[in-house]
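Please read them with the sequence and the structure side by side.

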Amino acid sequence: MWASINELKEKIHAGSSEEVVAEYLERIGRSKLNAFISTSGESAISRAKEIDANDIEGPLAGIPVAIKDNISTRCIQTTCASNILKGYVPPYDAHVIERLKKAGAVIIGKTNMDEFAMGTSTETSFYGATKNPWDMERVPGGSSGGSAAAVAGGEAPIALGSDTGGSVRCPASFCGVVGLKPTYGVISRYGLIAYANSLEQIGPFATSVRDVTTLFDVVAGYDPRDSTSVDKEVNYSSSLENNVKGLRIGVPEEYFGEGTDEKVEKAVRDSINTLEELGAKTTTVKMPHTKYALAAYYIIAMSEASSNLARFDGMRYGLRTEDSDWHTTFSQVRASGFGDEVKRRILLGTYALSAGYHDKYYLKALKVRTLIKQDFERAFKDVDVLITPTMPYPAFKLGEKIDDPISLYLADVDTVPINLAGVPSISVPCGFSGGLPIGLQIIGKHFDEATILRAAYTFEENTDFHTKRPEGM
Amino acid sequence: MITRKDLTHIGWLSRLELSEKDIEKYTPKLNSVLDYFTELDDVDTEGVPPTYHVLPLSNVFREDEVSAQGGSLTQEEALSNAPKTQDGFFKAPRMM
């Protein structure tokens with residue numbers, strides 16, 4: 001069932017939140033997408049009843065929401081799609097969950113993802129791969145593939161994911177929905193189980209820019225428990241405007257390089273033309289360090305991961321194997337609990353940080369990160385937004401790339417530079433290739449979500465790609 | 001190039017027990033990724049400072065006081081997911 005937040009509000013007003021929540025749960029129950037790791041049926045229904053009985057108000061009162069399974073939810077299992085956290089029930093809520101509850105939202109389930117958010121296809125999940133609603137033989141993208149597939153498949157009206165190197169925008173692109181990665185620091189990471197904390201942000205999914213903005217407004221805001229949280233309240237819903245007159249668009253040709261599918265390139269260039277016809281001005285910009293972003297990103301992400309995932313020791317939570325001495329138990333817990341891709345990244349990250357290699361890999365990557373950030377700063381002196389493809393091609397087949405890490409990493413070529421620079425970026429549907437959705441990426445300056453949301457909203461108001469739905473769902 | 005011997009050592013540093021089969025399987029894949037990383041050797045980074053964080057944030061301090069708002073857990077909550085506990089403590093295996 002596909003409905004906007006406003007349509008659902010009317011439905012709740014005429015009927016009840018309980019009915020709406022039950023309808024989504026029923027849909028999830030008979031789904032073949034495997035978008036959810038767990039559903040919170042009983043608690044969702046009882047929360048919906050409570051909202052109905054007490055006329056609880058709020059921007060999301062009674063509205064169902066799906067949550068990526070690396071965001072901590074009190075009393076609801078949170079696994080990061082890993083065996084090592086099977087059965088882990090957080091004793092506290094992430095900041096975004098506190099805010100959602102305050103806004104009246106009803107959590108209907110936890111969505112599938114690549115294990116510890118390490119992937120581009122949602123195939124590394126311990127709980128099985130999620131399928132793309134547009135073609136059940138294809139991946140939904142990743143790592144927030146469950147959240148994107150749930151929204152695209154009509155199993156949740158809105159969802160949260162997290163984006164470390166494209167993990168919101170990639171599945172949004174592959175599943176034909178809208179996904180936003182905010183500026184680093186705008187949404188608190190308190191309760192988000194860390195993968196690479198200098199890069200990641202929680203981000204909203206929906207079928208429209210308006211609903212993404214509503215969800216963004218609810219979850220963003222200052223939180224003293226995240227020391228990188230920025231003291232800035234956001235309210236963009238009230239300022240969404242169908243107007244790009246005078247907007248200066250930069251087109252970095254480096255993002256249309258080798259490996260970009262012809263139909264993707266055409267759809268993106270056509271979309272830029274659409275915005276030009278609506279009054280925007282386009283110029284070509286140079287971002288010469290783009291091709292080094294991927295290697296720098298993976299070195300930094302793996303290094304941070306090797307440190308962050310050291311907490312999984314089987315002592316305080318998670319899987320515990322037969323006790324031996326401390327170090328052996330620690331090593332065996334992790335050997336049994338983590339999947340191959342997580343192990344590979346921990347090993348490479350440890351290597352990149354180890355004595356003798358730190359300067360060659362980690363420090364070098366951090367310096368390249370500076371150059372990439374400067375590319376963005378230079379480009380944004382002359383333009384308001386940058387427009388590129390979100391992904392170089394549409395969704396690939398399940399199993400097609402999973403055995404070849406490099407070919408899978410290369411899929412992230414257009415999304416990782418944004419995380420290295422910490423700027424905001426949104427993916428919106430902009431066309432189809434062989435029946436599969438294509439995503440348009442609109443990138444903005446630090447803290448200038450207002451402009452990318454306005455550009456995305458204007459594009460949406462003047463096109464109908466976001467209204468298309470997969471058949472047979 | 002990572003050798004099989006290197007990988008055993010990195011596995012130990014990472015506290016990841018690796019079987020012979022794992023080492024067999026991982027060595028070529030890790031080397032192909034490391035080989036890709038050498039792309040960065042082409043970039044001139046002379047005099048370029050590293051970026052650890054994108055925002056100009058300095059350390060954030062607060063008073064060292066227990067507060068619910070600071071995210072403190074009760075002992076019961078803190079132990080609620082522990083595989084083994086004893087007398088209100090996490091129970092770990094022996095050190096040696």
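1. I begin with a residue whose backbone deserves a look: Asp87(B) is exposed, with 5 other C-beta atoms within 10 Å (a residue is exposed if 12 or fewer other C-beta atoms lie within 10 Å of its own, buried if 20 or more do, and partly exposed in between, with C-beta atoms placed from the backbone). Asp87(B) has a positive phi of about 50° although it is not a glycine, and it lies in the loop between β1 (85-86) and β2 (89-90) of chain B; helices (H or I, at least four residues) and strands (E, at least two) are DSSP runs, numbered from the N terminus.

2. This is a predicted model, in which local features need pLDDT of at least 70 and side-chain atom pairs count only at pLDDT 80 or more, while totals for chains, interfaces and linings use all residues. Residues are numbered from 1 along each chain as its sequence is written, and chains are lettered from A and ligands numbered from 1 in the order in which they are written.

3. Chain A also has backbone features to check. Asp55(A), in the loop between α3 (41-54) and β2 (64-68) of chain A, has a positive phi of about 50° without being a glycine, and Asp55(A) is exposed, with 8 other C-beta atoms within 10 Å. The peptide bond from Gly142(A) to Ser143(A) is cis, with omega near 10°, and Ser143(A) lies in the loop between β3 (106-111) and α5 (145-152) of chain A. Most residues other than glycine have a negative phi, and most peptide bonds are trans.

4. The contact between the chains takes 57 residues from chain A and 45 residues from chain B, where two residues are in contact if their C-beta atoms, placed from the backbone, lie within 7 Å. On the side of chain B that touches chain A, α2(B) gives the most, with seven residues. That side divides into 27 nonpolar, ten polar and eight charged residues (Ala, Val, Leu, Ile, Met, Phe, Trp, Tyr, Cys and Pro count as nonpolar, Asp, Glu, Lys and Arg as charged, and the others, Gly among them, as polar).

5. Across this contact, helix α11 (residues 340-353) of chain A and α1(B) pack at an angle of about 95°, with their axes 9 Å apart; axes are lines fitted to C-alpha atoms, for helices over the stretch in contact, and angles run from 0 to 180 degrees between N-to-C directions. The two helices, α11(A) and α1(B), are therefore roughly perpendicular to each other (65 to 115 degrees, with under 35 roughly parallel, over 145 roughly antiparallel and the rest oblique). Leu347(A), Thr350(A) and Tyr351(A) of α11(A) meet Ile10(B), Gly11(B) and Leu13(B) of α1(B).

6. Within chain A, eleven strands form an open sheet of mixed pairing, in the order β1-β3-β2-β4-β6-β5-β10-β11-β9-β7-β8 (two strands pair if DSSP finds at least two bridges between them). β1 (36-39) and β8 (281-285) of chain A stand at the edges with a single partner strand each, so one side of each is left without a neighbour in the sheet.

7. The largest nonpolar core has 162 residues, of which Val65(A), Phe205(A), Ala296(A) and Ile299(A) touch the most other members; such a core is a set of buried Ala, Val, Leu, Ile, Met, Phe, Trp, Tyr and Cys residues joined through C-beta atoms within 7 Å. Leaving aside its neighbours within four places in sequence, Ile299(A) is in contact with residues including Tyr361(A), Ala365(A) and Phe37(B).
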